[in-house]
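Here is a friendly briefing on a protein model, written for someone who likes to know the cut-offs behind each term. Please keep the viewer open as you read.

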Amino acid sequence: MPINILHITPDFDLTSGVTRHLLDLLKIFNNDKEYSIHLITNRGDAIDLLKNYNIKLNIIPFSKGRKGIFGFLKFKNQIEDYCVANNIKIIHTHHRYPELAAYYVSNKQEVKTITTAHSIVKGYKRMSFRSDKVIAVSNTVKDHIINHFSISPERVEIIYNPVIFPLLSYNKKQLKEKLQIPENKFVLLFVGRISKEKGTEILLDALWSLKSELENLLLIIVGTIEENNLFNNYSFDENHLKYFPPTENISQYYELSDIVVLPSRIDSFPYVMLEAGWFKKPFVGSKTGGIAEFIEDGVNGFLCEPGNAAEFTKKIRFVIDNKEKAGLAAENLYEKVKLHCNSEKYFEKLIRIYNNLLNDK
(Lines give C-alpha, C1' and ligand atoms only; values in the text may rest on other atoms or scores of the structure.)
Protein backbone atom coordinates (compact mmCIF):
# COMPACT_ATOMS: atom_id res chain seq x y z
CA MET A 1 0.00 0.00 0.00
CA PRO A 2 1.30 3.48 -0.82
CA ILE A 3 2.10 5.94 1.96
CA ASN A 4 -0.48 8.73 2.08
CA ILE A 5 0.97 12.25 2.32
CA LEU A 6 -1.23 15.31 2.69
CA HIS A 7 -0.03 18.72 1.49
CA ILE A 8 -1.90 21.82 2.64
CA THR A 9 -1.51 25.32 1.20
CA PRO A 10 -3.76 28.36 0.81
CA ASP A 11 -4.28 30.46 -2.33
CA PHE A 12 -3.21 28.13 -5.14
CA ASP A 13 -2.46 30.98 -7.57
CA LEU A 14 -0.37 31.16 -10.74
CA THR A 15 1.82 33.97 -9.38
CA SER A 16 2.55 32.20 -6.11
CA GLY A 17 6.02 30.73 -5.64
CA VAL A 18 4.47 28.15 -3.31
CA THR A 19 2.10 27.08 -6.08
CA ARG A 20 5.02 26.74 -8.46
CA HIS A 21 6.88 24.73 -5.82
CA LEU A 22 3.96 22.36 -5.32
CA LEU A 23 3.39 21.88 -9.04
CA ASP A 24 7.05 20.92 -9.42
CA LEU A 25 6.78 18.60 -6.43
CA LEU A 26 3.71 16.95 -7.96
CA LYS A 27 5.63 16.39 -11.18
CA ILE A 28 8.29 14.58 -9.17
CA PHE A 29 5.78 12.35 -7.35
CA ASN A 30 3.36 11.88 -10.24
CA ASN A 31 4.59 8.45 -11.33
CA ASP A 32 5.88 7.23 -7.96
CA LYS A 33 3.96 4.19 -6.71
CA GLU A 34 5.23 4.29 -3.11
CA TYR A 35 3.45 7.52 -2.21
CA SER A 36 -0.09 8.74 -2.66
CA ILE A 37 -0.29 12.54 -2.64
CA HIS A 38 -3.28 14.43 -1.28
CA LEU A 39 -3.72 18.20 -1.47
CA ILE A 40 -5.97 20.53 0.48
CA THR A 41 -6.27 24.16 -0.56
CA ASN A 42 -8.91 26.87 -0.23
CA ARG A 43 -8.98 28.58 -3.65
CA GLY A 44 -6.80 29.73 -6.55
CA ASP A 45 -6.62 30.40 -10.27
CA ALA A 46 -4.16 27.50 -10.75
CA ILE A 47 -6.43 24.75 -9.40
CA ASP A 48 -7.37 23.62 -12.92
CA LEU A 49 -3.73 22.65 -13.51
CA LEU A 50 -4.05 19.92 -10.90
CA LYS A 51 -6.15 17.77 -13.23
CA ASN A 52 -2.88 16.87 -14.97
CA TYR A 53 -1.55 15.14 -11.86
CA ASN A 54 -2.29 11.91 -10.05
CA ILE A 55 -3.40 13.46 -6.74
CA LYS A 56 -6.46 13.56 -4.50
CA LEU A 57 -7.68 17.16 -4.25
CA ASN A 58 -9.96 18.54 -1.56
CA ILE A 59 -11.01 22.21 -1.37
CA ILE A 60 -11.80 23.58 2.10
CA PRO A 61 -12.67 27.30 2.38
CA PHE A 62 -10.24 28.33 5.14
CA SER A 63 -8.90 31.88 5.36
CA LYS A 64 -5.42 31.82 6.94
CA GLY A 65 -6.42 32.64 10.51
CA ARG A 66 -8.79 35.56 10.07
CA LYS A 67 -11.90 33.73 11.34
CA GLY A 68 -10.85 33.51 14.98
CA ILE A 69 -10.69 30.50 17.26
CA PHE A 70 -13.96 28.91 16.10
CA GLY A 71 -12.92 29.08 12.45
CA PHE A 72 -9.57 27.57 13.35
CA LEU A 73 -11.14 24.73 15.36
CA LYS A 74 -13.49 23.92 12.49
CA PHE A 75 -10.54 23.82 10.08
CA LYS A 76 -8.49 21.67 12.46
CA ASN A 77 -11.37 19.20 12.82
CA GLN A 78 -11.78 19.01 9.05
CA ILE A 79 -8.09 18.18 8.68
CA GLU A 80 -8.31 15.57 11.42
CA ASP A 81 -11.36 13.92 9.84
CA TYR A 82 -9.61 13.86 6.47
CA CYS A 83 -6.51 12.24 7.95
CA VAL A 84 -8.56 9.52 9.64
CA ALA A 85 -10.67 8.82 6.54
CA ASN A 86 -7.64 8.65 4.23
CA ASN A 87 -5.05 7.04 6.52
CA ILE A 88 -2.70 10.03 6.20
CA LYS A 89 0.79 9.35 7.59
CA ILE A 90 2.45 12.72 6.97
CA ILE A 91 0.99 16.24 6.81
CA HIS A 92 3.25 18.58 4.84
CA THR A 93 2.15 22.20 5.18
CA HIS A 94 3.22 25.32 3.31
CA HIS A 95 1.78 28.08 5.50
CA ARG A 96 1.77 28.72 9.24
CA TYR A 97 -2.01 28.58 9.66
CA PRO A 98 -2.45 25.00 8.37
CA GLU A 99 0.84 24.12 10.05
CA LEU A 100 -0.62 24.96 13.46
CA ALA A 101 -3.74 22.94 12.67
CA ALA A 102 -1.57 19.98 11.61
CA TYR A 103 0.38 20.21 14.87
CA TYR A 104 -2.82 19.88 16.93
CA VAL A 105 -4.00 17.02 14.73
CA SER A 106 -0.70 15.21 15.34
CA ASN A 107 -1.29 15.42 19.10
CA LYS A 108 -4.37 13.21 18.69
CA GLN A 109 -3.56 11.09 15.65
CA GLU A 110 -0.56 9.00 14.60
CA VAL A 111 0.56 11.44 11.94
CA LYS A 112 3.91 13.15 11.43
CA THR A 113 4.19 16.81 10.50
CA ILE A 114 6.56 18.75 8.30
CA THR A 115 6.37 22.32 7.03
CA THR A 116 8.26 24.15 4.31
CA ALA A 117 9.18 27.74 5.18
CA HIS A 118 9.01 29.51 1.82
CA SER A 119 9.46 33.06 3.07
CA ILE A 120 10.76 35.22 5.90
CA VAL A 121 7.92 35.74 8.36
CA LYS A 122 7.52 37.36 11.77
CA GLY A 123 5.00 37.39 14.59
CA TYR A 124 3.02 34.53 16.19
CA LYS A 125 6.18 33.19 17.81
CA ARG A 126 4.39 30.78 20.13
CA MET A 127 2.27 29.32 17.33
CA SER A 128 4.82 28.94 14.53
CA PHE A 129 7.05 26.10 13.35
CA ARG A 130 5.85 23.39 15.72
CA SER A 131 6.17 20.65 13.11
CA ASP A 132 8.39 17.63 13.62
CA LYS A 133 10.59 18.94 10.80
CA VAL A 134 11.00 22.30 9.08
CA ILE A 135 12.36 22.67 5.55
CA ALA A 136 13.90 26.07 4.81
CA VAL A 137 14.27 27.08 1.16
CA SER A 138 17.57 28.87 1.84
CA ASN A 139 20.20 29.51 4.51
CA THR A 140 18.68 32.95 4.93
CA VAL A 141 15.32 31.46 5.88
CA LYS A 142 16.92 28.84 8.15
CA ASP A 143 18.92 31.44 10.07
CA HIS A 144 15.84 33.60 10.48
CA ILE A 145 13.73 30.71 11.80
CA ILE A 146 16.38 29.66 14.29
CA ASN A 147 17.12 33.18 15.55
CA HIS A 148 13.66 34.78 15.45
CA PHE A 149 11.56 31.81 16.54
CA SER A 150 14.15 30.09 18.77
CA ILE A 151 13.81 26.81 16.87
CA SER A 152 16.40 24.09 17.41
CA PRO A 153 18.80 23.94 14.42
CA GLU A 154 18.41 20.14 14.37
CA ARG A 155 14.77 20.51 13.37
CA VAL A 156 15.51 22.72 10.37
CA GLU A 157 16.93 21.45 7.08
CA ILE A 158 17.73 23.41 3.93
CA ILE A 159 16.55 22.16 0.55
CA TYR A 160 16.78 24.55 -2.39
CA ASN A 161 13.68 24.62 -4.57
CA PRO A 162 13.84 22.40 -7.65
CA VAL A 163 13.38 23.87 -11.11
CA ILE A 164 11.53 21.74 -13.65
CA PHE A 165 10.75 22.99 -17.14
CA PRO A 166 9.99 20.88 -20.20
CA LEU A 167 12.59 21.08 -22.94
CA LEU A 168 10.55 23.07 -25.42
CA SER A 169 11.85 24.79 -28.51
CA TYR A 170 10.61 28.33 -29.09
CA ASN A 171 11.08 30.61 -32.03
CA LYS A 172 11.81 34.03 -30.55
CA LYS A 173 10.62 35.88 -33.63
CA GLN A 174 7.32 34.02 -33.66
CA LEU A 175 6.84 34.61 -29.94
CA LYS A 176 7.25 38.34 -30.42
CA GLU A 177 4.77 38.29 -33.27
CA LYS A 178 2.29 36.35 -31.12
CA LEU A 179 2.58 38.85 -28.26
CA GLN A 180 2.68 41.87 -30.60
CA ILE A 181 6.21 42.87 -29.64
CA PRO A 182 8.38 44.51 -32.33
CA GLU A 183 11.33 42.32 -33.31
CA ASN A 184 13.93 45.01 -32.51
CA LYS A 185 12.87 45.35 -28.85
CA PHE A 186 15.38 44.59 -26.09
CA VAL A 187 13.25 42.95 -23.40
CA LEU A 188 13.56 43.31 -19.64
CA LEU A 189 11.39 40.73 -17.86
CA PHE A 190 9.84 41.02 -14.40
CA VAL A 191 7.76 38.09 -13.11
CA GLY A 192 5.89 38.17 -9.81
CA ARG A 193 3.71 40.24 -7.56
CA ILE A 194 3.57 43.94 -8.43
CA SER A 195 4.27 45.36 -4.98
CA LYS A 196 6.72 47.45 -2.96
CA GLU A 197 8.16 44.29 -1.43
CA LYS A 198 9.17 43.15 -4.91
CA GLY A 199 10.57 46.62 -5.67
CA THR A 200 8.32 47.30 -8.63
CA GLU A 201 8.68 51.07 -8.38
CA ILE A 202 12.50 50.70 -8.39
CA LEU A 203 12.17 48.91 -11.70
CA LEU A 204 9.83 51.58 -13.05
CA ASP A 205 12.31 54.28 -11.99
CA ALA A 206 15.04 52.46 -13.89
CA LEU A 207 12.88 52.16 -17.00
CA TRP A 208 11.98 55.86 -16.79
CA SER A 209 15.69 56.76 -16.65
CA LEU A 210 16.70 54.48 -19.51
CA LYS A 211 13.86 54.82 -21.99
CA SER A 212 14.95 58.17 -23.45
CA GLU A 213 18.42 56.92 -24.39
CA LEU A 214 17.40 53.34 -25.25
CA GLU A 215 14.36 53.71 -27.47
CA ASN A 216 14.15 49.97 -28.22
CA LEU A 217 13.98 49.04 -24.48
CA LEU A 218 10.80 47.22 -23.43
CA LEU A 219 9.82 46.10 -19.93
CA ILE A 220 7.46 43.12 -19.75
CA ILE A 221 5.70 42.63 -16.42
CA VAL A 222 3.94 39.33 -15.78
CA GLY A 223 2.06 38.94 -12.52
CA THR A 224 -0.66 40.05 -10.15
CA ILE A 225 -1.04 43.76 -9.44
CA GLU A 226 -1.25 44.08 -5.66
CA GLU A 227 -0.50 47.81 -5.45
CA ASN A 228 -1.85 49.59 -8.52
CA ASN A 229 -0.80 53.02 -7.20
CA LEU A 230 2.85 52.15 -7.89
CA PHE A 231 2.21 53.14 -11.52
CA ASN A 232 0.74 56.56 -10.67
CA ASN A 233 3.99 58.51 -10.99
CA TYR A 234 4.82 57.21 -14.46
CA SER A 235 3.43 57.59 -17.93
CA PHE A 236 4.54 54.71 -20.13
CA ASP A 237 3.09 53.65 -23.45
CA GLU A 238 3.21 50.15 -24.93
CA ASN A 239 6.48 50.97 -26.69
CA HIS A 240 8.23 50.72 -23.32
CA LEU A 241 5.96 48.76 -20.97
CA LYS A 242 3.69 45.76 -21.50
CA TYR A 243 1.72 44.02 -18.77
CA PHE A 244 0.48 40.42 -18.96
CA PRO A 245 -1.65 38.63 -16.35
CA PRO A 246 -0.46 35.42 -14.68
CA THR A 247 -0.26 32.44 -16.97
CA GLU A 248 0.61 28.75 -16.90
CA ASN A 249 2.91 29.16 -19.89
CA ILE A 250 5.45 31.45 -18.22
CA SER A 251 8.36 29.89 -20.13
CA GLN A 252 7.50 31.83 -23.32
CA TYR A 253 8.28 35.12 -21.58
CA TYR A 254 11.64 33.87 -20.39
CA GLU A 255 12.48 32.70 -23.89
CA LEU A 256 11.87 36.09 -25.51
CA SER A 257 13.56 38.11 -22.72
CA ASP A 258 17.08 39.52 -22.84
CA ILE A 259 17.47 40.29 -19.11
CA VAL A 260 15.50 39.05 -16.09
CA VAL A 261 15.15 41.65 -13.31
CA LEU A 262 14.05 41.38 -9.68
CA PRO A 263 14.65 44.46 -7.45
CA SER A 264 13.10 42.92 -4.31
CA ARG A 265 13.49 44.61 -0.96
CA ILE A 266 13.50 41.18 0.68
CA ASP A 267 13.24 37.74 -0.92
CA SER A 268 13.72 34.33 0.63
CA PHE A 269 14.78 32.36 -2.47
CA PRO A 270 12.84 33.43 -5.57
CA TYR A 271 11.93 31.08 -8.38
CA VAL A 272 12.41 33.96 -10.82
CA MET A 273 16.14 33.91 -10.10
CA LEU A 274 16.32 30.15 -10.68
CA GLU A 275 14.20 30.33 -13.81
CA ALA A 276 16.46 33.03 -15.23
CA GLY A 277 19.33 30.59 -14.80
CA TRP A 278 17.41 27.69 -16.31
CA PHE A 279 16.75 29.75 -19.44
CA LYS A 280 20.33 31.13 -19.47
CA LYS A 281 19.25 34.75 -19.12
CA PRO A 282 21.36 37.45 -17.42
CA PHE A 283 19.88 38.20 -13.99
CA VAL A 284 19.86 41.58 -12.21
CA GLY A 285 18.54 41.54 -8.65
CA SER A 286 18.84 43.00 -5.19
CA LYS A 287 21.52 42.09 -2.69
CA THR A 288 19.06 40.65 -0.20
CA GLY A 289 17.99 37.35 1.36
CA GLY A 290 18.26 34.26 -0.80
CA ILE A 291 19.23 36.33 -3.86
CA ALA A 292 22.45 37.48 -2.21
CA GLU A 293 23.00 33.92 -0.99
CA PHE A 294 22.82 32.39 -4.48
CA ILE A 295 24.10 35.17 -6.74
CA GLU A 296 27.74 36.25 -6.78
CA ASP A 297 27.86 39.74 -8.24
CA GLY A 298 29.52 39.80 -11.64
CA VAL A 299 29.99 36.01 -11.68
CA ASN A 300 26.55 34.45 -12.13
CA GLY A 301 24.40 37.59 -11.96
CA PHE A 302 24.43 41.25 -11.03
CA LEU A 303 23.40 42.74 -7.70
CA CYS A 304 22.53 46.16 -6.31
CA GLU A 305 21.49 47.46 -2.91
CA PRO A 306 17.76 47.03 -2.20
CA GLY A 307 15.76 50.18 -2.88
CA ASN A 308 18.56 51.91 -4.79
CA ALA A 309 17.00 52.84 -8.14
CA ALA A 310 20.12 54.64 -9.42
CA GLU A 311 22.34 51.61 -8.81
CA PHE A 312 19.76 49.27 -10.28
CA THR A 313 19.61 51.43 -13.41
CA LYS A 314 23.42 51.33 -13.74
CA LYS A 315 23.44 47.53 -13.41
CA ILE A 316 20.88 47.14 -16.17
CA ARG A 317 22.86 49.50 -18.40
CA PHE A 318 26.06 47.59 -17.65
CA VAL A 319 24.46 44.29 -18.68
CA ILE A 320 23.11 45.84 -21.88
CA ASP A 321 26.52 47.30 -22.77
CA ASN A 322 28.57 44.21 -21.84
CA LYS A 323 26.95 41.32 -23.67
CA GLU A 324 29.91 38.96 -23.34
CA LYS A 325 30.11 39.32 -19.54
CA ALA A 326 26.35 39.09 -19.27
CA GLY A 327 26.29 35.92 -21.36
CA LEU A 328 29.01 34.31 -19.25
CA ALA A 329 27.15 35.18 -16.05
CA ALA A 330 23.98 33.63 -17.49
CA GLU A 331 25.85 30.41 -18.31
CA ASN A 332 27.31 30.32 -14.80
CA LEU A 333 23.87 30.77 -13.26
CA TYR A 334 22.52 27.95 -15.40
CA GLU A 335 25.28 25.61 -14.20
CA LYS A 336 24.64 26.52 -10.55
CA VAL A 337 20.88 26.01 -10.88
CA LYS A 338 21.43 22.68 -12.65
CA LEU A 339 23.80 21.54 -9.88
CA HIS A 340 21.93 22.70 -6.77
CA CYS A 341 18.27 22.88 -7.83
CA ASN A 342 17.65 19.72 -9.80
CA SER A 343 14.61 17.57 -9.12
CA GLU A 344 16.49 14.33 -8.43
CA LYS A 345 18.43 15.82 -5.51
CA TYR A 346 15.30 17.46 -4.16
CA PHE A 347 13.35 14.20 -4.31
CA GLU A 348 16.14 12.24 -2.60
CA LYS A 349 16.40 14.73 0.27
CA LEU A 350 12.64 14.99 0.75
CA ILE A 351 12.12 11.21 0.73
CA ARG A 352 14.91 10.82 3.28
CA ILE A 353 13.14 13.31 5.55
CA TYR A 354 9.79 11.53 5.08
CA ASN A 355 11.32 8.14 5.84
CA ASN A 356 13.13 9.43 8.91
CA LEU A 357 9.85 10.85 10.24
CA LEU A 358 7.97 7.61 9.60
CA ASN A 359 10.69 5.55 11.31
CA ASP A 360 10.79 7.86 14.33
CA LYS A 361 8.07 6.25 16.43
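Contact here means heavy atoms within 4.5 Å. Leaving out residues up to four places away in sequence, Phe 294 touches Tyr 160, Phe 269, Met 273, Leu 274, Asn 300, Leu 333, Lys 336, Val 337, His 340 and Cys 341. This is a predicted model, in which local features need pLDDT of at least 70 and side-chain atom pairs count only at pLDDT 80 or more, while totals for chains, interfaces and linings use all residues. Residues are numbered from 1 along each chain as its sequence is written, and side-chain values use heavy atoms, with hydrogens and water left out.

**Nonpolar cores**
- A nonpolar core is a set of buried Ala, Val, Leu, Ile, Met, Phe, Trp, Tyr and Cys residues joined through side-chain atoms within 4.5 Å; buried means under 20% relative accessible area, exposed over 50% and partly exposed in between, with a 1.4 Å probe and protein chains only.
- The largest core has 76 residues, and Phe 294 is among those with the most contacts inside it, as are Leu 274 and Phe 283.
- A second, separate core of 30 residues includes Ile 28, Leu 49, Ile 90 and Ile 135.

**Helix α8 and Met 273**
- Helices (H or I, at least four residues) and strands (E, at least two) are DSSP runs, numbered from the N terminus.
- Seven of the eight residues of α8 are buried, so this helix is largely enclosed by the rest of the structure.
- Met 273 is found in α8 and is buried, with a relative accessible area of 0%.
- Beyond its neighbours up to four places away in sequence, Met 273 touches Phe 283, Gly 290, Ile 291, Phe 294, Ile 295 and Leu 333.

- Lys 281 lies in the loop between α8 (271-278) and β12 (283-286).
- Lys and Arg count as positive and Asp and Glu as negative, while His and the chain ends are not counted; a salt bridge is a side-chain nitrogen of Lys or Arg within 4 Å of a carboxyl oxygen of Asp or Glu.
- Lys 281 is buried yet has no salt bridge, and the nearest side chain of opposite charge, Glu 255, is 5.1 Å away.
- Setting aside neighbours within four places in sequence, the contacts of Lys 281 include Lys 172, Tyr 254, Glu 255 and Ala 330.

**Strands around β4**
- Strand β4 (residues 88-93) is mostly covered, with five of its six residues buried.
- Two strands pair if DSSP finds at least two bridges between them.
- β4 pairs in the parallel sense with β1 (residues 3-8) over five bridges, and with β5 (residues 112-117), also in the parallel sense, over four bridges.
- Leu 6 stands opposite Ile 91 in β4, and the bridge partner of Ile 90 in β5 is Lys 112.
- His 7 lies in β1 and is buried, with a relative accessible area of 1%.

**Positive phi values**
- Most residues other than glycine have a negative phi, and most peptide bonds are trans.
- Asp 11 has a positive phi near 55°; this residue is in the loop between β1 and α1 (17-29) and is buried, with a relative accessible area of 18%.
- Asn 87 has a positive phi of about 50° and sits in the loop between α2 (68-86) and β4.
- At 45% relative accessibility, Asn 87 counts as partly exposed.
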